[in-house]
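Keep the structure open while reading.

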Amino acid sequence: MLGRLFGRGGERPAEDPNVLPVPRRQRSGTYTLRALGDACVLALVEAADAGDWEAVKAALAPFDLGHDHAVLAELADLDGVQDWIGRAVEEDKEHRATALLISGTRHVSWGWEARTAERAVNVTQEQWRVFHERLHIAEEQLLEAAELQPEWVTPWRRLLTSGRGMSLGAAVNETRLDAALRRDPLDLETHVEWVSQLQPRWGGEPGQAMAFARDALSRTPQGHRLGCVIAMAHIEDWVESDRGDCLETPAIQAELRAAADHSILHPAYAWRPGWQQDFNMFAMALSLAGERHTVRRVFQTLDGAYTKWPWAYFAEPEKQFARHHRRA
């Protein structure tokens with residue numbers, strides 16, 4: 001059942017017993033989305049936070065971790081999972097692939113936490129050592145999970161992240177990209193990961209990522225979330241640029257409007273737990289571009305729901321979201 005209409009497209013789910021109530025809003029009228037705004041995801045997160053593997057398996061019943069990046073990310077970013085998931089890997093032979101996937105994905109995130117977001121020159125030798133140690137574990141576990149479940153796409157997307165961190169080179173990462181896209185040619189998270197890989201800071205050439213994103217959009221059906229890859233490509237260009245206003249051109253504004261209309265604002269857009277992150281991608285890109293029309297519809301649909309990604313590129317992400325939310 002779909003609810004109120006926000007302009008052309010922008011329709012979102014109305015009453016649903018699995019949708020979590022909106023928490024207390026900040027003064028700005030915004031709030032941080034928790035557990036993808038879904039009660040089933042919250043039950044999974046709470047079971048994982050308690051280290052209860054049996055409860056985790058029961059809570060996973062509605063989900064397919066081999067294809068659901070958003071639900072897997074909730075476990076990957078949960079501190080403490082690394083303390084107990086190893087036992088599940090060793091002891092639960094029936095669900096070994098799932099345990100390996102969760103553990104490997106957590107070790108990727110845990111590795112980047114050790115490295116921090118500092119520039120490479122500011123990362124200490126000890127941080128590098130822990131970073132590579134955790135990514136090495138992640139690589140072994142994700143490759144085994146992919147072998148046990150050949151149809152899964154999520155291990156390959158995470159292997160792109162670990163491969164970049166381990167500096168495994170273009171040939172390895174391109175093979176992993178191909179493996180992911182063979183399993184799902186329209187997988188948004190894989191495309192976004194590759195947009196990052198193609199940035200000059202990771203050895204890519206200027207314009208490469210945008211060309212990849214535009215080619216992906218040209219093959220994307222109307223209403224498909226893969227259109228978000230255009231928003232992320234422009235955000236990545238902004239990250240690389242020395243000019244904070246680099247996106248403020250009529251051409252970029254028009255391209256972002258068209259991509260939003262083609263994807264998240266199209267009536268065929270499929271609502272799913274965590275849809276707010278798709279809208280946050282466009283909210284940030286349109287805001288950076290100084291766009292004043294479509295951005296209003298995007299923020300109106302979000303109704304104050306903030307997701308850390310992609311605003312984490314700012315030093316104070318929540319404040320930036322709130323500021324642009326007020327402007328819109």
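Contact here means heavy atoms within 4.5 Å. This is a predicted model: local features need pLDDT of at least 70, side-chain atom pairs count only at pLDDT 80 or more, and totals for chains, interfaces and linings use all residues. Residues are numbered from 1 along each chain as its sequence is written, and side-chain values use heavy atoms, with hydrogens and water left out.

Start with Phe-279. Setting aside neighbours within four places in sequence, Phe-279 is in contact with Ile-264, Leu-265, Tyr-269, Trp-271, Val-298, Thr-301 and Leu-302. A second, separate nonpolar core has 42 residues, including Ala-35, Ala-99, Leu-100 and Ala-138. A nonpolar core is a set of buried Ala, Val, Leu, Ile, Met, Phe, Trp, Tyr and Cys residues joined through side-chain atoms within 4.5 Å. Buried means under 20% relative accessible area, exposed over 50%, and partly exposed in between (1.4 Å probe, protein chains only).

The largest nonpolar core has 53 residues. Those with the most contacts inside it are Leu-256, Ile-264, Phe-279, Phe-282, Val-298 and Leu-302. Two or more residues each come from helices H9 (188–197), H10 (208–218), H11 (228–240), H12 (250–262), H13 (275–288) and H14 (294–302), and from strand E2 (305–306). H13 gives the largest share, nine residues. Helices (H or I, at least four residues) and strands (E, at least two) are DSSP runs, numbered from the N terminus. In soluble globular proteins, nonpolar side chains tend to be buried together.

H13 also holds a charged residue, Asp-278. Is Asp-278 buried or exposed? Asp-278 counts as buried because its relative accessibility is 0%. Its side chain makes a polar contact of 3.4 Å with that of Arg-272. A polar contact is a pair of N or O atoms within 3.5 Å; within protein, one must be able to donate a hydrogen and the other to accept it, and residues adjacent in sequence count only if both atoms are side-chain atoms. Beyond four places in sequence, Asp-278 is in contact with Leu-188, Arg-225, Cys-228, Ile-264, Tyr-269 and Arg-272.

Leu-188 leads on to H9. In H9, 10 of the 10 residues are buried, so this helix is largely enclosed by the rest of the structure. Among the buried residues are Glu-189, His-191, Glu-193 and Gln-197. Their cover includes H3 (69–76), H7, H8, H10, H11 and H13.

Now turn to H10 and H11. Their axes come within 9 Å and cross at roughly 170°. That makes H10 roughly antiparallel to H11 (an angle over 145 degrees). Axes are lines fitted to C-alpha atoms, for helices over the stretch in contact, and angles run from 0 to 180 degrees between N-to-C directions. H10 contributes Met-210, Ala-213, Arg-214, Ala-216 and Leu-217, while H11 contributes Val-229, Ile-230, Ala-233, His-234 and Asp-237. By class, this contact has seven nonpolar, one polar and two charged residues.

Finish with the backbone. Most residues other than glycine have a negative phi, and most peptide bonds are trans. Ser-167 has a positive phi near 55°. Ser-167 lies in the loop between H7 (154–165) and H8 (170–183), and counts as exposed at 63% relative accessibility. Asp-303 also has a positive phi, about 55°. Asp-303 sits in the loop between H14 and E2, and is partly exposed at 31%. A cis peptide bond joins Trp-309 and Pro-310, with omega about 10°. Pro-310 is in helix H15 (residues 308–311).

Definitions and conventions. Angles under 35 degrees count as roughly parallel, over 145 as roughly antiparallel, 65 to 115 as roughly perpendicular and the rest as oblique.
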